[in-house]
Amino acid sequence: MMSDSRNEEPVVPKDWYEDAFGAFYPVIYAHRTVESAAKEAAFAAAQTQLSSGDTLLDLCCGNGRHLAHLVPRAGRSVGVDYSPPLLRLAHCNAPGALLLRADMRALPFVEYFNVVVNFFTSFGYFTEDRDNRAVLSAMCQVLRPQGRYFLDYLNPVHVETELHPHTTRHLGKYRIEENRWIDRAARRVNKVTQVWLHGDCVAQTTESVRMYSLDEMEAMLVGAGLEIDRIFGDYDGASFFNDRPRMIIIGHRGRHGA
Ligand SMILES: C[S@@+](CC[C@H](N)C(=O)[O-])C[C@H]1O[C@@H](n2cnc3c(N)ncnc32)[C@H](O)[C@@H]1O
């Protein structure tokens, strides 16, 4: 049995993302369903003008909840993720997609996709900025010239103001304890989640995301060869502003990309 880490200073492993998206991820994020992804997928499809002539990549597709809605709108659809359990779920949720296990920094495609989407803060995972920049370079590399991208990232100002340091919720037989904190030196938002069953901690995961400002994101995107067309603050199409939860960036591969 693991101890309750509420009053301890947790250590965030550098490679936290290798363990965080395992068998218990679908329990912890049970509310992130295929149904809940419908509006997000529709927004992304409209913003990227996705059509049946397009090849689509969902980078970090997870359980395929967005692909389930995007496959019928695209020509060929591909999902890439690092987590075998989530890819197995994606097979069920999006049977029409080609699914592939790969690291988001090193994608085995060159100028293949018309559209790349990346949902629900699947960016900023790596400790080194150069690794996070490598993800944007990989997105540029896999896009055809003028190909479009959709990047749904957190709004760091909103995270700072709205952070709930501790929450408890119940899901069926499980109690889920979540502890969140901001590491100001590393400029990261971290979360340790414990799943409890009958008084025993049966799973513990750590998540950690670099909090890039909009200026930093713009500089990294342009540096990677990706032009910016529009920025939204939520899935209702609100402008990006401090009180909006998301930083949704839509753009295209620039002339000097890849
Ligand atoms: C927050 S989840 C989002 C999943 C999905 N986009 C969604 O909205 O449900 C982040 C995803 O990134 C994947 N991931 C984490 N590290 C990765 C890496 N290095 N390369 C590729 N995928 C990675 C995880 O397995 C997980 O599916």
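Figure 1. The structure contains zero disulfides, a disulfide being a pair of cysteine sulfur atoms within 2.5 Å. The model is predicted, with local features needing pLDDT of at least 70 and side-chain atom pairs counting only at pLDDT 80 or more, while totals for chains, interfaces and linings use all residues. Residues are numbered from 1 along each chain as its sequence is written, and side-chain values use heavy atoms, leaving out hydrogens and water.

Figure 2. C92 has 63% relative accessibility and counts as exposed (buried is under 20% relative accessible area, exposed over 50%, partly exposed in between, with a 1.4 Å probe and protein chains only).

Figure 3. C140 takes part in no disulfide, and its nearest cysteine sulfur, in C60, is 17 Å away. With 0% relative accessibility, C140 counts as buried.

**Figure 4. Residues around the ligand.** There are 20 residues around the ligand, of which C60, R65, D81, M104 and Y125 come nearest (a residue is near if one of its heavy atoms lies within 4 Å). By class, this shell has 13 nonpolar, four polar and three charged residues. Here Ala, Val, Leu, Ile, Met, Phe, Trp, Tyr, Cys and Pro count as nonpolar, Asp, Glu, Lys and Arg as charged, and the others, Gly among them, as polar.

**Figure 5. Atom pairs between protein and ligand.** A nitrogen atom of the ligand lies 2.7 Å from a backbone N or O atom of C60. In the side chain of R65, an N or O atom is 2.6 Å from an oxygen atom of the ligand. For F119, a polar backbone atom is 3.3 Å from a nitrogen atom of the ligand.

Note on methods: Polar contact = N/O pair within 3.5 Å; in protein donor to acceptor, adjacent residues only side chain to side chain.
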